[in-house]
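User: Could you walk me through how to read the features of a fold, one at a time? I would like the general idea and then the case at hand.
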Amino acid sequence: MDFSELRKAIEEVELVDGHAHNLVALDSNFSFIHAFSLAHGDAVASTQHSLPFKRNIRDIAELYGCKSSLEAVEEYRRVSGLESISSTCFKAARISTVIFDDGIVLDKIIDTEWHKTFTPHVATLVRVERLAEKILNEGLPDGSPWTLDSFTNAFLSKLESVSGEVVGLKSIAAYYFGLDINTNVTKQEAEEALQQVLAVWKPVLVANKNLVDYIFLLSLEFAQSHDLPMQIHTGFGDRGLNLRLSNPLYLHNVLEDKRFAKCRIVLLHTSYPFSKEASYLASLYSQVYLDFGLAIPKLSVHGMISAVKDLLEQAPLNKVQRMLAKLFSPFCVIHALMAISLFRRLWKLQKISLREIQSTSIRLQTNISVNSHNGYAKTSYYYY
């Protein structure tokens, strides 16, 4: 069978990165090695021995025209400068639109406006837990103590004020207490939870399950009423995440709740390793959509292909987002290319032999140190 026309179309299509994070300066303390792994601390030292690292560093070096080693790539980036390599990477990836989740704090993070130099269209998402913490830490204008009603009004007012500018909301509830959201959390339970975090955390963190669930439901209602999609972290992340509780099947009660039947919910990060479960949910619920980022390029070639195939097992094709959610995000523009590159190779999915898997290189046309996800509570981890 001749796939030449299909391949040509895939190679030429421009991309929308639907879930990205701002780049950081080359001298940021969020080091380049984090582009290749979700590990932190001592575990980072083993990153260079992983199959994804070896493949990625080879492809980056090919794009840059330098020696295939971490040291050589880092030196090329240092000498060339961020603007030059950003231009190279964006052009290679053919990214036409980037949607930023800018609710992240990293050293020397670059303003969203700066990225417009490299892509025609830039938009933003609101990370709802981070917004809630920001509001609580700023306090009320008159200095009065917070109540659940005053917080709710402030939170919804802020969302309303930016609703015409942002293109969606984002939740990292999975990083706090998992996705088993209590859809019947009461106002009294939420009030008590609010007062508890105000008393315990300085600065304030919404580190109470009832409060996190309340914010999640409040945000979902707002998103539905304003016809905005809500992206939800599912599947793997760094050590700040309890992976078992990030299985999207835990969202059953939310998906069955008639209040949210008209929402548009995007399950992020291929839901890996729960990709089959995500595909199942997308086949059953009209409001569920999928994204295949982060697993690309964090897995081996075989792993990436398997994860995408799992997503496609039951999910309608029109519900698998080609926004490549994590591509350019948590780590580097590098992700964009890797995800796209894999997508561009799916036309020969059934023909990949062991030898091809060993030699396949995913043209990661990008490598700009990008910011990842925010740390939470007592940790220095990042939330995707």
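Analyst: Gladly. Helices (H or I, at least four residues) and strands (E, at least two) are DSSP runs, numbered from the N terminus. With that naming, aspartate 227 sits in the loop between H9 and E5. This is a predicted model, in which local features need pLDDT of at least 70, side-chain atom pairs count only at pLDDT 80 or more, and totals for chains, interfaces and linings use all residues. Residues are numbered from 1 along each chain as its sequence is written, and side-chain values use heavy atoms, with hydrogens and water left out.

User: How many helices and strands does the chain have?
Analyst: The chain has 15 helices and eight strands.

User: What share of the residues of the chain count as buried?
Analyst: Buried means under 20% relative accessible area, exposed over 50%, and partly exposed in between (1.4 Å probe, protein chains only). Of the 384 residues, 58% count as buried.

User: And how should I read contacts along the chain?
Analyst: Contact means heavy atoms within 4.5 Å. Among contacts between residues at least 6 apart in sequence, 79% join residues at least 24 apart. Serine 96, in strand E2 (residues 95–101), gives a local example. Leaving aside neighbours within four places in sequence, serine 96 is in contact with Glu14, Leu15, Val16, Thr119, Pro120 and His121.

User: Is serine 96 buried or exposed?
Analyst: Serine 96 is buried, because its relative accessible area is 13%. Asparagine 242, in the loop between strand E5 (230–232) and helix H10 (252–256), counts as partly exposed because its relative accessibility is 34%.

User: Now helices. How do I check the length of one?
Analyst: The expected span is 1.5 Å times one less than the number of residues. Helix H13 (residues 301–312) has twelve residues, so it should span 16 Å; its end C-alpha atoms are 17 Å apart, which agrees. H6, with 15 residues, reaches 21 Å from its first C-alpha to its last, close to the 21 Å expected.

User: Which residues of H13 are buried?
Analyst: An α-helix has 3.6 residues a turn, so residues three or four places apart point the same way. In H13, the buried residues are Val301, Gly303, Met304, Ile305, Ala307, Val308, Asp310 and Leu311.

User: What covers the buried residues of H6?
Analyst: The buried residues of H6 are Leu148, Ser150, Phe151, Thr152, Phe155, Leu159 and Val162. Their cover includes strand E3 (121–127), H5, strand E4 (169–171), helix H8 (187–200) and helix H9 (209–225).

User: How do I describe the packing of two helices?
Analyst: Two packed helices are described by the angle between their axes and the distance between the axes. Axes are lines fitted to C-alpha atoms, for helices over the stretch in contact, and angles run from 0 to 180 degrees between N-to-C directions. Angles under 35 degrees count as roughly parallel, over 145 as roughly antiparallel, 65 to 115 as roughly perpendicular and the rest as oblique.

User: At what angle do H5 and H6 pack?
Analyst: Helix H5 (residues 128–138) and helix H6 (residues 148–162) pack at about 120°, with axes 10 Å apart, and are therefore oblique to each other. Val128, Leu131, Ala132, Ile135 and Leu136 of H5 make the contact with Phe151, Ala154, Phe155, Lys158 and Leu159 of H6. For classes, Ala, Val, Leu, Ile, Met, Phe, Trp, Tyr, Cys and Pro count as nonpolar, Asp, Glu, Lys and Arg as charged, and the others, Gly among them, as polar. The contact of H5 with H6 has nine nonpolar, no polar and one charged.

User: And H6 with H8?
Analyst: H6 and H8 pack at about 90°, with axes 9 Å apart, and are therefore roughly perpendicular. Leu148, Asp149 and Phe151 in H6 meet Lys187, Ala190, Glu191 and Leu194 in H8. By class, this contact has four nonpolar, no polar and three charged residues.

User: Which backbone details deserve a look?
Analyst: The peptide bond from lysine 202 to proline 203 is cis, with omega near 0°, and proline 203 lies in the loop between H8 and H9. Another cis bond joins isoleucine 296 and proline 297, with omega about 15°; proline 297 is in helix H12 (residues 295–298). Aspartate 227 is not a glycine, yet has a positive phi of about 55°.

User: Is aspartate 227 buried or exposed?
Analyst: Aspartate 227 counts as exposed, because its relative accessibility is 57%. Threonine 270 also has a positive phi, near 65°, but counts as buried at 1%.
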